[in-house]
Amino acid sequence: MEIKIHTLTENTANYGFLAEWGLSILVEVDGMRILMDTGLSFSAVHNTQLMGIDLSTIDRIVLSHGHADHTGGLREVLKIKGETEIIAHPDIWTAKYVERDQEGVKYCGIPYSREELESRGAHFNLVREPVHISDNVMTTGEIPMLSGYEEIENNLFVKEDDLLHPDPLADDLALVIDTEFGLVVILGCAHRGIINTLRRAQNLTGKELVYAAIGGTHLFRASKERIEKTIADLREMGIQKIGVSHCTGFRASARLAQEFGDAFFLNNAGTRLTLP
Ligand SMILES: [Zn+2]
Ligand SMILES: [Zn+2]
């Protein structure tokens, strides 16, 4: 079994590619092309042209959650692809807000109406449970928060009746590929915690060995203690490749690089991988 992973959008980029705050990863497996997230704006579509990838050939879109930095590229992708099934959790459509020091509270959800995206060919398959996409590929569905040390950031909100409530990010999910060499997990932002996400993948498949975790790990504001606990748990899972992106942050990236050596890489825009 061979898996190809092309990173289309990331906060940083390889030579010649466009970078933007966001994530978009194309996975080729089981004879299918699955697009996980679409970045913030047009970088995913721009970079596919440089990579020689034809987005009109994708089979499914999976949205890891409803934040704009993962969904903002939908319009551009749908202009090329047209009719597409989009797998996600129903809470992607909650009114999501973020509070930042300089800017105050701002809307950070999907920057389009559902009607507009549907008129461009989106067919939303919104479910809370895992979805089987092919023999070896599934989404995690809702991720239980069991690690005891991973928390959702307290500056993320949903607005209901003009009131802001903490966003439980129930829509946060990942893509799981069950292979003979271990689990390969493609992460969006891992708002519910990278370890909670990987444990969910283990529980769904009954497999212990996590071969690779690739994508956003949301450790950019994590305490030293949380980073060390995360490393210990990743070690216990037997991880062979850790390709961090997006919301990992410099401090956690540096610590993971130091700890995992050659198993570690920065997974940025323009990165192409073939596994195993
Ligand atoms: Zn997010
Ligand atoms: Zn993000």
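Predicted model: local features only at pLDDT ≥ 70, side-chain atom pairs only at ≥ 80, totals over all residues.
Let's start with the metal. Which residues hold the zinc ion (ligand 1)? The protein donors are His 65 through NE2, His 67 through ND1 and His 191 through NE2. They lie 2.1 Å from the ion. The spacing of the donor residues in sequence is H-x1-H-x123-H. Look at where two of them sit. His 65 is in the loop between strand E4 (60-62) and helix H2 (68-71). His 191 is in the loop between strand E14 (182-187) and helix H5 (194-205). So the pair ties together parts that are 126 residues apart in sequence. His 65 is buried at 0%, and His 191 is buried at 5%.

How many residues does the largest nonpolar core have? It has 28. Those with the most contacts inside it are Ile 194, Leu 198, Leu 234, Ile 242, Leu 256 and Phe 260. The elements giving two or more residues are E14, H5, strand E15 (210-216), helix H6 (224-236), strand E16 (241-245) and helix H7 (250-260). Which of them gives the most? H5 does, with four residues. Take Ile 194 as an example. Beyond its neighbours within four places in sequence, Ile 194 is in contact with Glu 150, Leu 187, Thr 217, Thr 230, Leu 234 and Ile 242.

Now to helix H1, residues 43-51. Its buried residues are Ser 43, Ala 44, Val 45, Asn 47, Thr 48 and Met 51. What covers them? The cover includes strand E1 (3-9), strand E2 (24-29), helix H3 (74-81) and strand E18 (272-275). Just after H1 comes Gly 52, with a positive phi of about 70 degrees.

Stay with E18 for a moment. Leu 273 lies in that strand. Leu 273 is buried, at a relative accessible area of 16%. Leaving out residues up to four places away in sequence, Leu 273 touches Ile 3, Lys 4, Ile 5, Ile 214, Phe 265 and Asn 267. Compare Leu 273 with Thr 7: the two are 266 residues apart in sequence, and 8.7 Å apart in space, C-alpha to C-alpha.

On to strand E5, residues 84-88. Is E5 largely enclosed or largely open? Four of its five residues are buried, so E5 is largely enclosed by the rest of the structure. E5 runs parallel to E4, joined by three bridges. E5 also pairs with strand E8 (residues 122-126), again in the parallel sense, over five bridges.

Last, the open sheet. Four strands form it, in the order E7-E6-E11-E12, with antiparallel pairing. Which strands stand at the edges? E7 and strand E12 (163-166) do. Each has a single partner strand, so one side of each is left without a neighbour in the sheet. Neighbouring strands are turned by 40 degrees against each other on average, direction ignored. Now zoom in on E6 and E7. Four bridges join these antiparallel strands. Arg 100 stands opposite Gly 104 in E7.

The model has four aromatic pairs. One of them is Tyr 97 with Tyr 107. The geometry is edge-to-face, 5.6 Å centre to centre, with 75 degrees between the planes. Tyr 97 is in E6 (residues 96-100) and Tyr 107 is in E7 (residues 104-107), 10 residues apart. Buried or partly exposed? Tyr 97 is buried, at 16% relative accessible area. Tyr 107 is partly exposed, at 43%.

Methods. Residues numbered from 1 in each chain as written. Chains lettered and ligands numbered in written order. Heavy atoms only, no water. Phe/Tyr/Trp six-rings, centres within 6.5 Å; stacked < 30°, edge-to-face > 60°. Buried < 20%, exposed > 50% of the residue type's maximum accessible area, 1.4 Å probe, protein only. Donors = N, O, S within 2.8 Å, 3.2 Å for Na, K, Ca; no water. Core = buried A, V, L, I, M, F, W, Y, C linked by side-chain atoms within 4.5 Å. Contact = heavy atoms within 4.5 Å. Pairing = 2+ DSSP bridges. Axes fitted to C-alpha atoms, helices over the stretch in contact; angles between N-to-C directions.
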